[in-house]
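Open the model in your viewer and keep the sequence panel beside it. This tour says what to select at each stop and what is there.

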Amino acid sequence: PYKSYNHLKTSEVLKVKKFNQYWVYFYSLENKDSINSDNGIGSLTKATDSVYFVEMKDKEIKIKKQTIQPTTLFYIKNHKIVKTYHGLKQLKEKHEEILEMSW
């Protein structure tokens, strides 16, 4: 579902050179919530072009001592994770905050 967007490998999440600030969204084809169009990620991709996607092959991964599962969204600034949103519920609750940070 996110094929037309920029993708990263897990090892590249903190290494994007094109942007100083960017978003990284983790999804899995096995997790329907993570690819659901109601999760708010679609509106984020319309608001900014600095969104990257990571397709997860495993149920969870670790990045900087954080356990990542599908429907996790990172806000990265200066190659550091500044904000993390976990799960569909938090993505929906913080939707306005996320969009405001994308400007």
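Helices (H or I, at least four residues) and strands (E, at least two) are DSSP runs, numbered from the N terminus. This is a predicted model, in which local features need pLDDT of at least 70, side-chain atom pairs count only at pLDDT 80 or more, and totals for chains, interfaces and linings use all residues. Residues are numbered from 1 along each chain as its sequence is written, and side-chain values use heavy atoms, with hydrogens and water left out.

**The whole chain**

Show the protein chain as a cartoon. Its secondary structure consists of four helices and six strands. Read from the N terminus, the elements follow the order β-α-α-β-β-β-β-β-α-α. The radius of gyration is 12 Å, close to the 13 Å that the globule rule gives for 103 residues, so the chain is as compact as a globular protein of that length. This radius is taken over C-alpha atoms, and the globule rule is 2.2 Å times the number of residues to the power 0.38. Along the principal axes, the C-alpha atoms fill a box of roughly 30 × 30 × 25 Å.

Of the 103 residues, 42% are buried. Buried means under 20% relative accessible area, exposed over 50%, and partly exposed in between (1.4 Å probe, protein chains only). Contact means heavy atoms within 4.5 Å. Among contacts with a separation of 6 or more, 61% are between residues 24 or more positions apart.

**Serine 28**

Select serine 28, in the loop between strand 1 (21-27) and helix 1 (32-35). Is serine 28 buried or exposed? Serine 28 counts as buried because its relative accessibility is 7%. Its side chain reaches the backbone nitrogen of glutamate 30 at 3.2 Å. Not counting residues up to four places away in sequence, serine 28 touches Ser34, Ile35, Met56 and Pro70.

**Serine 34**

A polar atom of its side chain lies 2.7 Å from the backbone oxygen of asparagine 31. With residues up to four places away left out, the residues that serine 34 touches include Tyr2, Ser28, Asn39 and Thr71.

Select threonine 71, in the loop between strand 4 (66-68) and strand 5 (72-77). Threonine 71 is buried, at a relative accessible area of 5%. What is the phi of threonine 71? It is positive, about 75 degrees, although threonine 71 is not a glycine. Most residues other than glycine have a negative phi.

Histidine 79 sits in the loop between strand 5 and strand 6 (80-86). Its phi is also positive, at about 65 degrees. Histidine 79 counts as partly exposed, at 39% relative accessibility.

**Asparagine 6**

End at asparagine 6, in the segment before strand 1. Asparagine 6 is partly exposed, with 39% relative accessibility. Leaving aside neighbours within four places in sequence, asparagine 6 is in contact with Val51, Tyr52 and Phe53.

Methods
Polar contact = N/O pair within 3.5 Å; in protein donor to acceptor, adjacent residues only side chain to side chain.
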